[in-house]
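User: Please examine the structure shown below and answer a series of questions about its strands, helices and packing.

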Amino acid sequence: MTNQTLTTNKSQKEKFLNPFTQLGKNGKGMELDIRAKAIEALKDHEIPTRKWEAWKYTDLKTIANRDYQFSGESSLDQITSFQIPDLEADQLVFINGVYQDQFSSLTYNQNLVTISPISELQGEDKSIFETHLGSLINGEEDIFSALNTAYAQEGVFIRVKRGKNAVKPIHIIHISQASEQPLATQFRNLFLIEENSSVEVIESQHSVGEGVSFSNSVTEILVRKNAGVEYVKLQLESDQASQINSTVVYQEDDSRASVFTITMSGETVRNNLRMRLDGQNIESHLMGINLLSGSQHVDHHTEVHHLKPHCFSNELYKGIMSEMSTGVFNGKIHVYPDAQKTNAFQSNRNILLSDTANIYTKPQLEIYADDVKCSHGATTGRLDEEAMFYLRARGIKEYDARIMLIYAFAMEVVDNISIEPVRNFISSLIQNRF
Amino acid sequence: MLKINDLQVSVEGNKILKGLNLEVKPGEVHAIMGPNGSGKSTLASVLAGKEDYEVEGGEAIFNGKDLLDMEPDERAGEGLFLAFQYPVEIPGVSMVNFMRTSLNAVREYRGQEPLKAGEFLKLMKEKKSIVELDDKLTKRAVNEGFSGGEKKRNEIFQMAMLEPTLSILDETDSGLDIDALRIVANAVNKLRNENNSFLVITHYQRLLDYIVPDFVHVLYKGKIVKSGGKELALELEEKGYDWIKADVAV
């Protein structure tokens, strides 16, 4: 690297960080003890380039070169079109990263659960939040986690109390309404699922208008002994919306976690998902769908860390890429020496609907225990021509036959979501996509 | 009903059908027999509209229309049905959803109203009983986990649902045990009437004991080299195909 490029990179980084730093100076960021460390860490981190192995297929130049602003301005007077039909949920609404009390509805029982925007936390909840924040992602990882830890604007804290269950699912709704200047948001969630408790969380992201936006969000999920969580991420923003989304799930003995990432648009989207199975008899499910068109680019990087024996993980990501869209899947299963009797499965299956669509898929297994069952596989192909002909020979038009097959392909993931209205909602999104 | 004139078809540059002529009238059952590689399945596929088959000459007129110019789904709408030799498994598409979409697409093509849910289920039940198809199977995805015989019975079930005027049975008897063969044949006989016709493609005479054809044709090297009545099938069973090959060679 020449001095010239070093200088360019340095100034590009400063330019990128500047609006975030200003936000912090204005005191709009969260007051956190770990902030100072993250601000320090930011000095050492660089914006990834495609020369980095983990960023080989995803170019951040466009994202990094924009001059962002943070804005709570919005003209929305209702948000019903972003709700999920028939879903009875505790609902939190954020527009451009700012909590909207008037659109939210929280009716939970405080003896069972705490559900709160971070800006409104107080008392015991606030101190529990601060104790646990940063225990899974603290800014040492990369520039985006450091940036989020340093200057996150807002977030959701969910605490399901020991032995209790959140009665209703929790739906977090994000709406981006960018004006002429590109909009940035930084969101930070912490879900603490205490012993013998369980919860279902849906987090959906939407856009209004055609403005350019970028969100950098981090979610930490701690699943204590014999607790369970189902977390469904619905990425439904516009073609002008980019995001870096990092989620870490930490699981203790006998716990269950399912994370679904359903991505149906986005300019450049990077989803980092890491599961740490730090106990015995743990069950983990990682599932995702990429349903992409135009020049959308969606990159899933997942890691499953089997640290202890007798655990089960199952990963299934499916991609349906049309037009000039690009999907990236990089899935790593790491089985540590102690993790005997591990069962770990991973599958990435893709359908390319055009000659100009792309998929880059890379499964990685690192196994340091000898008594394990692990498998991985990746397939990429066209729609099954034999099946197409079979359907058409039965009178079904080409267009309808295609939809039928695409829908069936995607539903193998969707059918694993336990909340029926969410399942129905996603299935209607898939059908209406064409 | 169907008139094929001088049909010439190639697959990946290999000429398979080399001037085939055949006429099927309403109510007739024609059997097409012949040794492996003679072009039997190519004929079935090209009539149903499978891609990868290049028609290099000739024509197929179906009820006055140019069959080879139609999309596969249009051919089904016009009343043509292919019972596949190897029915495809389609994971994720339920039998009920598939059958309802198929039936209503065909009805729409024929200018009929879609069936109401209740009427559809009643019709399914009635037609299932004709082929003795288990309720368990229609609750699954299309052909998924079906045995070979169940797949073939499912084809005949679909045929019964769609009420085609011309049904092509492509080696429906292959892989069937004698009981399944009898069920399939009985179903075909029940559906047989003066208005609809069948083209039964088979390797063996066995099926023709149950589905008695009006005509038997021998396809060899891409042409029909011999035609006759049902007794021709018995002759072939007894003597094999060698004498036909010898005749053609001369």
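**Strands, helices and contacts**

User: In β2(A), which residue is the bridge partner of I95(A)?

Analyst: The model is a predicted one. Two bridges join strand β1 (residues 90–95) of chain A to strand β2 (residues 98–99) of chain A, and the two strands run antiparallel. Within β2(A), the partner of I95(A) is V98(A).

User: Which residue takes a positive phi in the hairpin of β1(A) and β2(A)?

Analyst: Two residues lie between the strands of this hairpin. The positive phi, near 50°, belongs to N96(A).

User: How many residues of β1(A) are buried?

Analyst: In a regular strand, side chains alternate between the two faces of the sheet. From β1(A), D90(A), L92(A) and F94(A) point one way, while Q91(A), V93(A) and I95(A) point the other way, and all are buried. The strand is mostly covered, and its buried residues number six of six.

User: Which strands stand at the edges of the open sheet in chain A?

Analyst: The sheet has 10 strands with mixed pairing, in the order β2-β1-β5-β7-β9-β11-β13-β15-β17-β19 (chain A). An edge strand has a single partner, so one side of it is left without a neighbour in the sheet. The strands in this position are β2 and β19 (373–381) of chain A.

User: In the pairing of β9(A) with β11(A), which residue stands opposite K233(A)?

Analyst: Strand β9 (residues 228–236) and strand β11 (residues 256–263) of chain A are parallel and share eight bridges. The residue of β11(A) opposite K233(A) is T261(A).

User: What angle does the direction of α7(A) make with that of β15(A)?

Analyst: Helix α7(A) packs on the sheet and touches β11, β13 (283–292), β15 (312–321) and β17 (343–352) of chain A. Its direction and that of β15(A) make an angle of about 155°.

User: At what angle does helix α8 (residues 420–432) of chain A run to β9(A)?

Analyst: α8(A) lies across β7 (198–207), β9, β11 and β13 of chain A. Relative to β9(A), the helix runs at about 25°.

User: Is L286(A) buried or exposed?

Analyst: L286(A) is found in strand β13 of chain A. Leaving aside residues up to four places away in sequence, L286(A) touches V259(A), L273(A), M275(A), T302(A) and V304(A), among others. Its relative accessibility is 0%, and the cut-off for burial is under 20%. L286(A) therefore counts as buried.

User: How do the residues of the contact of α3(B) with α6(B) divide into nonpolar, polar and charged?

Analyst: The axes of helix α3 (residues 95–109) and helix α6 (residues 148–162) of chain B come within 10 Å and cross at roughly 35°, and the crossing is right-handed. In this contact, M95(B), F98(B), M99(B), S102(B), L103(B) and V106(B) of α3(B) meet N154(B), F157(B), Q158(B), M161(B) and L162(B) of α6(B). By class, the contact residues are eight nonpolar, three polar and no charged.

Note on methods: Residues numbered from 1 in each chain as written. Chains lettered and ligands numbered in written order. Predicted model: local features only at pLDDT ≥ 70, side-chain atom pairs only at ≥ 80, totals over all residues. Heavy atoms only, no water. Buried < 20%, exposed > 50% of the residue type's maximum accessible area, 1.4 Å probe, protein only. Helix = DSSP H or I, 4+ residues; strand = E, 2+ residues; numbered from the N terminus. Pairing = 2+ DSSP bridges. Axes fitted to C-alpha atoms, helices over the stretch in contact; angles between N-to-C directions. Left-handed = near helix turned anticlockwise from the far one by under 90°. Contact = heavy atoms within 4.5 Å. Nonpolar A, V, L, I, M, F, W, Y, C, P; charged D, E, K, R; others polar.
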